[in-house]
Amino acid sequence: MSKKKPASVEAVEREHIGLRAEMVSIHDCLHGNISSEEFSEWRLKFMWQMRDFKNRLLKHFDLEEEGGFMNDVISAAPHSERQVAGLKEEHNAISSSLDSILAKLKAMAEHNVESLEGIRTDLAGVFAVLREHENTEHQLMQRAFYREYGGPE
Ligand SMILES: [Fe+2]
């Protein structure tokens with residue numbers, strides 16, 4: 001069995017870097033100064049940013065699920081099959097959480113400090129789950145492909 005890192009794994013690693021940068025940008029947009037006068041404009045821009053992020057994330061999940069990554073991890077490290085199945089399930093949960101944030105944004109027709117605070121809390125929760133999720137994927141990749149080289153490249 002080859003332990004060489006396959007292209008599917010490299011593609012996932014590259015996307016994780018891009019997703020992390022986008023998460024920082026979304027966080028900054030939600031924690032900036034949001035005035036009542038510019039609220040509608042801000043909300044539309046932020047909603048689109050969130051929709052783009054969700055779509056990008058769903059494509060990333062497709063890549064992991066259908067692009068060979070999960071199968072490559074399982075064939076290199078068969079004992080990780082249950083953990084990989086758990087990650088797949090978590091994809092659906094993360095997607096639903098983003099949908100519920102988008103629904104709250106859509107329902108907030110006017111600037112509302114409490115609703116905004118709620119959205120900040122929700123987003124921090126989803127991002128914490130997502131970061132933890134990706135850390136787990138990294139650990140899996142390292143265990144499956146790097147062990148014989150003594151650590152990540
Ligand atoms: Fe991922």
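**View 1. The largest nonpolar core of this predicted model has 11 residues**. A nonpolar core is here a set of buried Ala, Val, Leu, Ile, Met, Phe, Trp, Tyr and Cys residues joined through C-beta atoms within 7 Å, and a residue is buried if 20 or more other C-beta atoms, placed from the backbone, lie within 10 Å of its own, exposed if 12 or fewer, and partly exposed in between. The members are Val9, Val12, Phe69, Met70, Val73, Ala76, Val84, Leu140, Met141, Ala144 and Phe145. At least two residues of this core come from each of α1 (7–31), α3 (69–76) and α5 (113–145), where helices (H or I, at least four residues) and strands (E, at least two) are DSSP runs, numbered from the N terminus. Apart from this core lies another, of five residues, including Met50, Leu98, Ile101 and Ile119. This is a predicted model, in which local features need pLDDT of at least 70 and side-chain atom pairs count only at pLDDT 80 or more, whereas totals for chains, interfaces and linings use all residues. Residues are numbered from 1 along each chain as its sequence is written.

**View 2. Methionine 70 and its contacts**. Leaving aside residues up to four places away in sequence, methionine 70 touches Glu64, Glu65, Val84 and Lys88, a contact being two residues whose C-beta atoms, placed from the backbone, lie within 7 Å.

**View 3. Helix α5 and its buried residues**. With 33 residues, α5 reaches 47 Å from its first C-alpha to its last, close to the 48 Å expected at 1.5 Å a residue, the expected span being 1.5 Å times one less than the number of residues. Ile119, Leu123, Glu137, Leu140, Met141, Ala144 and Phe145 are buried in α5, and the buried residues of this helix pack against α1, α3 and α4 (81–107).

**View 4. The pairing of α1 with α5**. The axes of these two helices, which are lines fitted to C-alpha atoms over the stretch in contact, come within 11 Å and cross at roughly 165 degrees, with angles running from 0 to 180 degrees between N-to-C directions. Angles over 145 degrees count as roughly antiparallel, and α1 and α5 are therefore roughly antiparallel to each other. From α1, Val9, Val12, His16, Met23, Leu30 and His31 meet Ile119, Arg120, Leu123, Phe127, Glu134, Glu137, Met141 and Phe145 in α5.

Notes. Parallel < 35°, antiparallel > 145°, perpendicular 65-115°, else oblique.
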